[in-house]
Amino acid sequence: MTPRDRAAPSPVTALVLGWAIPGAGHAYQGRWGKAALFFILIVGLLVAGFALGRGTNVQRGEWWFAAQVGAGGPAIALVPLSKHFERQGPIDWADPYREMGTLYTAIAGFLNILVMMDAYNKLAHPHRPSAEEAA
Amino acid sequence: MLEKFTGFLAHLVSGNNPLWLYYPLCAVVAVVYKATKFDRPGKILWSALHFFVTVGLGMLALGLVLYVLSILL
């Protein structure tokens, strides 16, 4: 292995960074524009969903959390906040805005998984043509 | 039937209908999904717009079909 090979960015590192902070996998590759776009959209969607759910819809015990945790660090950071807001008063489980907010947070998690896979693939298969190049 | 349909449309366009929130969600999904496929900003924007319009109209059509079925059944 040459020093140049050792310096090459690792796809697994991009995957893990992309999970911890949405867009960080792309920032690691120097694709700053996409990194900023993904961070703003995914974290924005997560926070918007959290606000729509009155801050009570990112909880570890719920099935939705399996999807929400795809958004990584920001989703995990919202768990204690969710616990805090839950203690403020009873949750209206039938509130359609809360349901919509939960959906927003879950979709944010799924979208981040897609973004992580993109960051991984660009490094793992650098010579594979993109959809743009193939067209 | 027509009264029910106008009632449905009035509910759909009313400001307090949470169904409108599907559209910003659809826009974010469109931009993120297309940004993973393309690199040029112009290409991302146009393909995301195409995706958004297609899915948006599809959701509207599906909503109408379900509404008509709910009246008939």
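**Exercise 1. Work out which element of chain B has the lowest mean pLDDT and which the highest.**

Start with the score: pLDDT is the predictor's confidence in each residue, from 0 to 100. Among the elements of chain B, helix H1 (residues 2–13) comes out lowest with a mean of 69, while helix H2 (residues 22–37) comes out highest with 93. Then zoom out: chain B averages 85, and 86% of its residues score at least 70.

Keep in mind that this is a predicted model, where local features need pLDDT of at least 70 and side-chain atom pairs count only at pLDDT 80 or more, but totals for chains, interfaces and linings use all residues. Residues are numbered from 1 along each chain as its sequence is written, and chains are lettered from A and ligands numbered from 1 in the order in which they are written.

**Exercise 2. Find how many helices and strands chain B has.**

Helices (H or I, at least four residues) and strands (E, at least two) are DSSP runs, numbered from the N terminus. Counting them in chain B gives 3 helices and 0 strands. Read along the sequence, that's the pattern α-α-α.

**Exercise 3. Describe how H2(B) and H3(B) cross.**

Step one: axes are lines fitted to C-alpha atoms, for helices over the stretch in contact, and angles run from 0 to 180 degrees between N-to-C directions. The axes of H2(B) and H3(B) (residues 41–72) come within 8 Å and cross at roughly 140°.

Step two: angles under 35 degrees count as roughly parallel, over 145 as roughly antiparallel, 65 to 115 as roughly perpendicular and the rest as oblique. H2(B) and H3(B) are therefore oblique to each other.

Step three: look at who meets whom, with contact meaning C-beta atoms, placed from the backbone, within 7 Å. On the H2(B) side you'll find Tyr22(B), Cys26(B) and Ala30(B), among others; the H3(B) residues they meet include Phe51(B), Phe52(B) and Met59(B). By class, this contact has 14 nonpolar, 2 polar and 1 charged residues. (Ala, Val, Leu, Ile, Met, Phe, Trp, Tyr, Cys and Pro count as nonpolar, Asp, Glu, Lys and Arg as charged, and the others, Gly among them, as polar.)

**Exercise 4. Say how many residues each chain brings to the contact between A and B.**

Chain B puts in 15 residues and chain A 18. On the chain B side, the largest share, 9 residues, comes from H2(B). That side divides into 10 nonpolar, 1 polar and 4 charged residues.

Key:
Two residues are in contact if their C-beta atoms, placed from the backbone, lie within 7 Å.
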